[in-house]
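Have the model open as you read.

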Amino acid sequence: MGGGAWQAALRGGMSASSADIVIEVSIRAASSADMLSVGLIERESFADPWGSREFSSALASPNTIFLIAHDSAGIVVGYVIAISAADEAEILNLAVRPAQRGHGIGARLLDTAIAKVKELGAEQVYLEVRESNEPAKVLYKSRGFDEVSRRRRYYRDPVEDALILHLAVQR
């Protein structure tokens, strides 16, 4: 992991703020070479992170979509994992390096994953989000996800409810 290729875009001649910084990224399928970077992002992002076994299983599964976002230097800055079966899909995991959050990378990863599961025939997409994760909830709501259920005490560290969100995919 590294600093990445950042491009500052000044809007209207005003000084740059975090919203003015554009991070140029590309999205591609994950490979085994990306797993160290993905694991680091996971540990930086979650109190109860996935381990290498979960990532290896996701990478090997034919029903799983595992995408990474990387900057122009090839540095992995985010990832998304989704699984699709029949007409349903679930976003299993989505994370962006803390230093690159707030610049639309998570939205691009989510949008790409939704498009991919739609191509595979998904009509319903589900995900779980920590109740206190306001930035993620704002992102999911902006994409049309609605809360449909709650899993009490789902998260362990700290103990917290998970909200189950649903999106009906337009065909």
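Strands here are DSSP runs of E, at least two residues long, numbered from the N terminus. The model is a predicted one.

**Backbone**

Most residues other than glycine have a negative phi, and most peptide bonds are trans. With that in mind, two residues are worth a visit. Arg153 lies in strand β8, and its phi is positive, near 55 degrees. Ala86 also has a positive phi, about 55 degrees, although it is not a glycine. Ala86 sits in the loop between β5 (76-85) and β6 (88-96).

Are these residues buried or exposed? Exposed means over 50% relative accessible area. Ala86 has 67% relative accessibility, so it counts as exposed. Arg153, at 63%, therefore counts as exposed too.

| Residue | Relative accessibility |
|---|---|
| Ala86 | 67% |
| Arg153 | 63% |

The peptide bond to look at is the one between Asp157 and Pro158, which is cis, with omega about -5 degrees. Pro158 belongs to the loop between β8 (146-156) and β9 (159-168).

The largest pocket has a volume of about 1,100 Å³. It is lined by 35 residues, and Phe46, Asn93, Leu94, Asn133 and Tyr140 are the closest to its centre. Which element gives the most to this lining? That is β6, with seven residues. Elements that each supply at least two lining residues include α1 (35-45), α3 (105-119) and β8. By class, the lining has 19 nonpolar, eight polar and eight charged residues.

How values were computed
Residues are numbered from 1 along each chain as its sequence is written. This is a predicted model: local features need pLDDT of at least 70, side-chain atom pairs count only at pLDDT 80 or more; totals for chains, interfaces and linings use all residues. Side-chain values use heavy atoms; hydrogens and water are left out. Helices (H or I, at least four residues) and strands (E, at least two) are DSSP runs, numbered from the N terminus. Buried means under 20% relative accessible area, exposed over 50%, partly exposed in between (1.4 Å probe, protein chains only). On a 1 Å grid over the protein atoms alone, a cavity is a set of points where a 1.4 Å probe fits but cannot get out, and a pocket is an open set with protein on both sides within 12 Å along at least five of seven lines; lining residues have an atom within 4 Å of a point. Grid points are joined across faces, edges and corners, and a volume is the space filled by probe spheres set on the points. Ala, Val, Leu, Ile, Met, Phe, Trp, Tyr, Cys and Pro count as nonpolar, Asp, Glu, Lys and Arg as charged, and the others, Gly among them, as polar.
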